[in-house]
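The stops below follow charged pairs.

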Amino acid sequence: MFRLLSTIFLVSVGIFLYSYFRELNPGTITVRTSPDALFELSPVSLVLFSMALGATLVALIVTIKETSHVFMNWRTNRLVRRKEKVDALHRDGTHAFMSKRTADAVNLFERALVIDPNRTDSLLWLGNIYRSESNFTEAIRLHQQAHRIEERNVEVLLELAKDLEGARRYEDALQTLQNILRIEPDNLMALIRKRDLQIRLEKWSDALEIQHRLVKANLPESERRAESNLLLGCMYEVGRQLLERGHPDKARRYFRGAIKKDRTFLPAYIGIGEILVREGKTKNAVEILKKIYAKTRSIIILHRLEELFLELGEPDEIIRVYQEALQQDPHNAVIQFYLGKLYYRLEMVDEAYDVLATLDGTQEQLVDYHKIMANLYLRKQHMDEAVGELKKALGFKKRVVVPYQCTQCHHELAEWSGRCRRCGRWNTYVALPWRDANQPDTDQDGQASRIPNVPYQGIASPFETV
């Protein structure tokens, strides 16, 4: 009742005011809406109409704004709920993977990607899982999708490079690592990975260029030493490649550069000797190797000298070198063994027997030694002693010991190499005609060595097995 009375009162007041102001403002105003249409309104009516139109427009704007705000809130809440669901699936996927429930993890990550196909971290995790299962094709697809979403994401590019390397698409992997370096020129992980790939592909010049940068990087001291050693290896390999391609002068510069950095780096010395031999300067090579042996006392240098002197037809010289070495170190059983083996190689039976016989009883596990002694006894017509030596040799279960062994991974090799074929390190092969009696046949990871027997080829080798 009160509202009705209030409404009647307000309407009455409005009519009164309208009538009052209309009496105060007589006349009309012509309003044209088009060339042919016009309206005549009193000034008061025009004012009221303008006010009503303005109020309507304001109400319309407010209504549109409020409706938009409600819609945006609804959309935001929907996106938040969607993100929370995806986050939960991703979190559960990571927990499943860490719990070794790989199948559950794959399912959870895939469900997360169905809801949000642009979820980069889910793409990364799922791709890494596929790579761990050697499904490189799927891993590459997922990580490429993540890369399209975030082109400058270095983590995505690193994982993609791993996928491509696992799929043996090495050139594509190198290109991906190069893309990282365009984004972050000093990214050490990308530099190291690229360096390792170039070493794998034997692109030694490119690897050496990166290695110079890594040596100058701000690394811990232990890592810096390892990188410096690797730098020597890369310099040696660049020199070796140049030598093989017929550029001895360029190769010599790299070998000398490696020696300048490390006076004990044996492969570079042998590389310089090889250059002289290929240039027909065998005697110069001999003189240099003799000086190197005087500094290093390396048995490997003696082996190389042995070959060179025999090529020159001067066996007396290498015998003299071995004898001088033995005089300087009379208790060195290794030198004594190889001197005796040289005598045996040269058919100097009595001299070989005199030298090797003094080793009997001290090297009980040396299979080669007993085989040589058996052959010497046969040539001396001492049949019983020969049979005894053969029985000793046949009684060993270990492999025939080869001349060279890597000090890092115990890989054995019949011919010396500047770089170990197993662990990839340089300057690690040493001349060991036998193993220590208490040394197990294991590699650097503690696993049983599975290297097959390496047979010796031909009597022209100083390392002939009888």
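**Salt bridges, stop by stop**

Select Glu307 and Arg345: their side chains form a salt bridge, with N to O at 3.0 Å. A salt bridge here is a side-chain nitrogen of Lys or Arg within 4 Å of a carboxyl oxygen of Asp or Glu. Glu307 sits in helix α14 (residues 299–311) and Arg345 in helix α16 (residues 333–345), so the pair links distant parts of the chain, 38 residues apart. Helices are DSSP runs (H or I, at least four residues), numbered from the N terminus. Glu307 is partly exposed at 22% relative accessible area, whereas Arg345 is buried at 18%. Buried means under 20% relative accessible area, exposed over 50%, and partly exposed in between (1.4 Å probe, protein chains only).

This is a predicted model, in which local features need pLDDT of at least 70 and side-chain atom pairs pLDDT 80 or more, while totals for chains, interfaces and linings use all residues. Residues are numbered from 1 along each chain as its sequence is written, and side-chain values use heavy atoms, without hydrogens and water.

Next, select Lys203 and Glu171, a salt bridge of 2.9 Å, N to O. Lys203 is in the loop between α8 (188–200) and α9 (204–216) and Glu171 in helix α7 (residues 170–183), so this pair ties together parts 32 residues apart in sequence. Both ends are partly exposed, Lys203 at 28% and Glu171 at 48%.

Then go to helix α10 (residues 221–244), where Glu237 and Arg240 are 3 residues apart, about one helical turn. Their closest N and O atoms are 2.6 Å apart. Glu237 is buried at 3%; Arg240 is partly exposed at 23%.

Note on methods. Helix = DSSP H or I, 4+ residues; strand = E, 2+ residues; numbered from the N terminus.
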